Amino acid sequence: MAEPPSLLNTMQHPTLQVDYTWRKWKAYISDRSDPSKPLYIVHYKFWSKECIIVKSATDDTTIGTGTLHVFSINPNYKLHGRKGTIKALKRWVTSYTHLSYAYASSPDGPPVTMTWTSTSNFKTWDFVCLDEQQMPVAKFSANFWALKKIGNIEFLGDKATSEAARDEIVVTGLTLLYCMLLRTSSILSFFGAVFARTGPIKSGEAAHSQQAVAEEPESGMGDDPQHVAAGPDGQVIL
């Protein structure tokens, strides 16, 4: 789905910069206006179950984690202790959904359904998060060829400056990015897509899916998660 130009291109929005450090296998996420002060530190442990760990750069507390799977194309995540699933809506294009508490009308109310879409070209892969009204609230632009500055996360809408929304987009956006990178490089993920049950996620489904994949083998994405190919409009190329 194309991003409305009036929202994404005509004004400046709060933006985070993602810098990867090869020597430490970490990424530092900071406000693009002040990259010297990281807000998050991302630890990559692709040999373990929770292979993406997002921590606060201020006090080292864990904000959230991302879990990829060898066969399933639906990654799981944990945000401030609450488990969730990013579920595929379609098999062969990047179209995913997750349940959001940060974008709900009230903190104690039911979660709302968020949708992820993507577009890509030779250089970048853009993941756009849409709210229930299909309006963009964030865009994660990943650079295929960058060695250090691997992407930017732009926030839009009424909650562009919300810390809870920022935490959620960082955790789910990174988890989805590396899920799609795994899908472009794994034959097992290809068969996982063939047999996947796609469709909208429902309240309570995330907890059930967490239990179902608890015994699944670790993903083992490998040491180099960045340099893989992706087709136009988010199509998976093996």
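Tyr20, Trp22, Tyr44 and Tyr178 form one aromatic cluster. The structure holds six aromatic pairs, where rings of Phe, Tyr and Trp (its six-membered ring) pair if their centres lie within 6.5 Å. This is a predicted model, in which local features need pLDDT of at least 70 and side-chain atom pairs count only at pLDDT 80 or more, while totals for chains, interfaces and linings use all residues. Residues are numbered from 1 along each chain as its sequence is written, and side-chain values use heavy atoms, with hydrogens and water left out.

**Aromatic rings**

- The ring centres of Tyr20 and Tyr44 are 5.7 Å apart and the planes stand at 55 degrees, so this pair is tilted; planes under 30 degrees apart count as stacked, over 60 as edge-to-face and the rest as tilted.
- Tyr20 belongs to strand E1 (residues 15–21) and Tyr44 to strand E3 (residues 38–44), so the pair ties together parts 24 residues apart in sequence. Helices (H or I, at least four residues) and strands (E, at least two) are DSSP runs, numbered from the N terminus.
- Both Tyr20 and Tyr44 are buried; buried means under 20% relative accessible area, exposed over 50%, and partly exposed in between (1.4 Å probe, protein chains only).
- Trp92 and Phe190 also make a tilted aromatic pair, with 5.4 Å from centre to centre and 35 degrees between the planes.
- This second pair links distant parts of the chain, 98 residues apart: Trp92 is in the loop between strand E8 (87–88) and strand E9 (96–100), and Phe190 is in helix H3 (residues 187–194).
- Trp92 is partly exposed at 40% relative accessible area, and Phe190 is partly exposed at 30%.
- The charged end of Arg82 sits over the ring of Tyr101, 3.6 Å from its centre. A charge sits over a ring if NZ of Lys or CZ of Arg is within 6 Å of the ring centre and within 35 degrees of the ring normal.

**Cysteines**

- A search of the whole structure finds zero disulfides, a disulfide being a pair of cysteine sulfur atoms within 2.5 Å.
- For Cys51, the closest cysteine sulfur is that of Cys179, 9.8 Å away, which is too far for a bond.
- Cys51 is buried, with a relative accessible area of 0%. Cys129 is buried, also with a value of 0%.

**Backbone and loops**

- His80 has a positive phi of about 50 degrees although it is not a glycine. His80 lies in the loop between strand E6 (76–79) and strand E7 (82–85) and is exposed, at 51% relative accessible area.
- Gln134, another residue other than glycine, has a positive phi near 65 degrees. Gln134 is in the loop between strand E11 (124–130) and strand E12 (136–143), and is partly exposed at 33% relative accessible area.
- Most residues other than glycine have a negative phi.
- Lys24 is in the loop between E1 and strand E2 (26–31) and counts as partly exposed at 41% relative accessibility.
- Lys24 and His43 are 19 residues apart along the chain, and their C-alpha atoms are separated by 8.8 Å.
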